[in-house]
Amino acid sequence: MIAQRPMSKPGKITSRQAEKAVRDYLRPKPYTPAGLKRQRCVHCGAPATEQWSLRPCAVGRAGWYPLCAEHDLDLNQIVMAFLKLPDAEQRLDAYRERIAA
Ligand SMILES: [Zn+2]
């Protein structure tokens, strides 16, 4: 079981940022490193440093989602806990160290 840490509260994002995030949900290709630097985290609006490829069945199509480092870690924690991976805590710690380097 992964030790739960409190989820960070999402910051305010403008309606323009929210509209852009929705458009980008269905982005078919990953962001380039330069393109990712121009994106905002879909959760809080902070500058994005990571991206996830997700295909929620309710959405029906795969898309690329920019995230800040903090929310990338949160999503990793949530997914690994949901999947009940036996070594989730070690993997999360190793990943946290890797992205902090
Ligand atoms: Zn964020």
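This is a predicted model: local features need pLDDT of at least 70, side-chain atom pairs count only at pLDDT 80 or more; totals for chains, interfaces and linings use all residues.
As for contacts between residues at least 6 apart in sequence, 47% of them join residues at least 24 apart.

**The two strands**
- Strand β1 takes in residues 50-54, and it pairs with β2 in the antiparallel sense, with five bridges between them.
- One of the pairings to look for is glutamate 50 with leucine 67, its bridge partner in β2.
- Strand β2 runs over residues 63-67, and four of its five residues are buried, so the rest of the structure largely encloses it.

**The nonpolar core and Trp64**
- The largest nonpolar core has seven residues in all: Cys41, Val42, Ala48, Trp64, Tyr65, Leu67 and Cys68.
- Leu67 turns up here as a core member, as well as being the bridge partner of glutamate 50.
- If you set aside neighbours within four places in sequence, tryptophan 64 is in contact with Arg27, Pro30, Tyr31, Gln51 and Ser53.

**Helix α3**
- Helix α3 covers residues 69-83.
- Its 15 residues should span 21 Å at 1.5 Å a residue, and the end C-alpha atoms sit 21 Å apart, so expectation and model agree.
- His71, Asp72, Asn76 and Gln77 are the buried residues of α3.
- Those buried residues pack against β1, β2 and α4.
- A handy bit of background: an α-helix has 3.6 residues a turn, so residues three or four places apart point the same way.

**The loop at Lys84**
- Just after α3 comes lysine 84, with a positive phi of about 55°.
- That's a positive value in a residue other than glycine.
- Lysine 84 belongs to the loop between α3 and α4.
- Is lysine 84 buried or exposed? Lysine 84 has 9 other C-beta atoms within 10 Å, and the cut-off for exposed is 12 or fewer, so it counts as exposed.

**Helix α4**
- Helix α4 is made of residues 88-100, and its 13 residues should span 18 Å at 1.5 Å a residue.
- The end C-alpha atoms of α4 are 18 Å apart, which agrees with that figure.
- How many of the 13 residues of α4 are buried? The count is zero, so to speak plainly, α4 is hardly covered.

Key
Residues are numbered from 1 along each chain as its sequence is written. The expected span of a helix is 1.5 Å times one less than its number of residues. A residue is buried if 20 or more other C-beta atoms lie within 10 Å of its own, exposed if 12 or fewer, and partly exposed in between; C-beta atoms are placed from the backbone. Two strands pair if DSSP finds at least two bridges between them. A nonpolar core is a set of buried Ala, Val, Leu, Ile, Met, Phe, Trp, Tyr and Cys residues joined through C-beta atoms within 7 Å. Two residues are in contact if their C-beta atoms, placed from the backbone, lie within 7 Å.
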